[in-house]
Amino acid sequence: LIAAGAGRALATLGRNGAAALIDGELIRVPAFAVAAVDAVGAGDVYNAALVSRLVSGDPLPAAMRFAAAAAAISVTRPGADCAPSPAEVAAFLAKV
């Protein structure tokens, strides 16, 4: 993506977390270790949580961490209706 001219790129890497290349700076956020049940919807949950935090004004690393936590919670639940609430994500982050 960067070679094609994008100034920014972000990729989720499953259990390896996520990485972003923003104007030449690499940002890596590790995944949270959880007992996964079903990964269906985890990427959608990550993307929705990331955008919600960016729109709220969080810097990218903080938004990525929030999104990683949301995705971690989502994989502990079966099926596609797995998205946690913002309060659930905040509680999860308070424990780690």
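Keep in mind that the model is predicted. Its three-stranded sheet is open, with strands in the order 1-2-3 and antiparallel pairing. Helix 2 lies across strand 1, strand 2 and strand 3, and helix 2 also packs with helix 3 at an angle of about 100°.

**The sheet**

- Strand 1 (8-12) and strand 3 sit at the edges with a single partner strand each, so one side of each has no neighbour in the sheet.
- Direction aside, neighbouring strands here are turned by 10° against each other on average.
- Strand 2 (residues 18-22) pairs with strand 3 in the antiparallel sense, and five bridges join the two.
- If you want a spot to look at in that pairing, Leu21 stands opposite Leu26 in strand 3.

- Two packed helices are described by the angle between their axes and the distance between the axes.
- For helix 2 (residues 60-74) and helix 3 (residues 86-95), the angle is about 100° and the axes are 9 Å apart.
- Angles of 65 to 115 degrees count as roughly perpendicular, and helix 2 and helix 3 are therefore roughly perpendicular to each other.
- From helix 2, the residues that meet helix 3 are Arg65, Phe66, Ala69, Ala70, Ala72 and Ile73.
- Helix 3 brings Pro86, Glu88, Val89, Phe92 and Leu93 to that contact.
- Sorted by class, the contact of helix 2 with helix 3 has nine nonpolar residues, two charged ones and no polar ones.

**Asp23, in the loop between strand 2 and strand 3**

- Asp23 is found in the loop that lies between strand 2 and strand 3.
- Asp23 has a relative accessible area of 60%, and the cut-off for exposed is over 50%, so Asp23 is exposed.
- Most residues other than glycine have a negative phi.
- Asp23 has a positive phi, near 50°, though this residue is not a glycine.

- Ala33 belongs to the loop between strand 3 (25-29) and helix 1 (42-55).
- Ala33 counts as exposed because its relative accessibility is 81%, and exposed means over 50%.
- Ala33 and Ala69 are 36 residues apart along the chain, and their C-alpha atoms are separated by 9.7 Å.

Terms used: Residues numbered from 1 in each chain as written. Predicted model: local features only at pLDDT ≥ 70, side-chain atom pairs only at ≥ 80, totals over all residues. Heavy atoms only, no water. Axes fitted to C-alpha atoms, helices over the stretch in contact; angles between N-to-C directions. Helix = DSSP H or I, 4+ residues; strand = E, 2+ residues; numbered from the N terminus. Parallel < 35°, antiparallel > 145°, perpendicular 65-115°, else oblique. Contact = heavy atoms within 4.5 Å. Nonpolar A, V, L, I, M, F, W, Y, C, P; charged D, E, K, R; others polar. Buried < 20%, exposed > 50% of the residue type's maximum accessible area, 1.4 Å probe, protein only. Pairing = 2+ DSSP bridges.
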